[in-house]
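Trainee: Could we go through this model together, one question at a time?

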Amino acid sequence: PFLDWMILTKRPENISSMLPADWGSGYEHVSLMASTENQQCFDLRVPELQRVKSRRRALSVEPLLGPIVIPQGGLKGIDLV
């Protein structure tokens with residue numbers, strides 16, 4: 001609990017099946033993250049990440065391989081980019 005963990009994946013659809021049994025709504029010191037390097041990845045991965053119960057969610061946009069247009073409300077539940 002004295003460390004802040006940032007867990008980054010390109011496969012947020014797998015996160016729920018890998019969380020510990022006592023996860024509940026997440027741990028205060030853990031951020032779940034998805035890599036979103038272009039529009040296609042943003043459109044696929046962000047909704048998956050938003051579905052996972054977590055106290056903190058974040059996006060990594062590196063390497064940024066193309067433009068990303070974020071729709072209105074598209075970052076709901078995302079705490080850090």
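This is a predicted model: local features need pLDDT of at least 70, side-chain atom pairs count only at pLDDT 80 or more; totals for chains, interfaces and linings use all residues.

Trainee: How many helices and strands make up the secondary structure of the chain?

Mentor: Happy to start there! Residues are numbered from 1 along each chain as its sequence is written, and side-chain values use heavy atoms, with hydrogens and water left out. Helices (H or I, at least four residues) and strands (E, at least two) are DSSP runs numbered from the N terminus, and the chain has two helices and three strands.

Trainee: What is the average pLDDT of the chain?

Mentor: Confidence is highest in S3, at 98, and lowest in helix H1 (residues 15-18), at a mean of 96. Of the residues, 99% score at least 70, and the chain average is 96.

Trainee: Which residue does Arg-56 meet in a salt bridge?

Mentor: A salt bridge puts a side-chain nitrogen of Lys or Arg within 4 Å of a carboxyl oxygen of Asp or Glu. For Arg-56 the N to O distance is 3.4 Å, and the partner is Glu-28. Arg-56 lies in the loop between helix H2 (39-51) and S3, and its partner in the loop between H1 and strand S2 (30-35), so the pair ties together parts 28 residues apart in sequence. The residue you asked for is Glu-28.

Trainee: Is Glu-37, which forms a salt bridge with Arg-45, buried or exposed?

Mentor: The closest N and O atoms of this pair are 3.1 Å apart. Buried means under 20% relative accessible area, exposed over 50%, and partly exposed in between (1.4 Å probe, protein chains only). Arg-45 has 13% relative accessibility and counts as buried. Glu-37, with a relative accessible area of 10%, is buried.

Trainee: How far apart in helix H2 are Glu-48 and Arg-51?

Mentor: These two form a salt bridge, with the closest N and O atoms 3.2 Å apart. Glu-48 is partly exposed at 25%, while Arg-51 is exposed at 59%. Along helix H2 they are separated by about one helical turn, being apart by three residues.

Trainee: What kind of pair do the rings of Trp-23 and Tyr-27 make?

Mentor: Rings of Phe, Tyr and Trp (its six-membered ring) pair if their centres lie within 6.5 Å; planes under 30 degrees apart count as stacked, over 60 as edge-to-face and the rest as tilted. By this rule the count is one aromatic pair. The ring centres of Trp-23 and Tyr-27 are 4.8 Å apart and their planes are at 55°, so the pair is tilted.

Conventions: pLDDT is the predictor's confidence in each residue, from 0 to 100.
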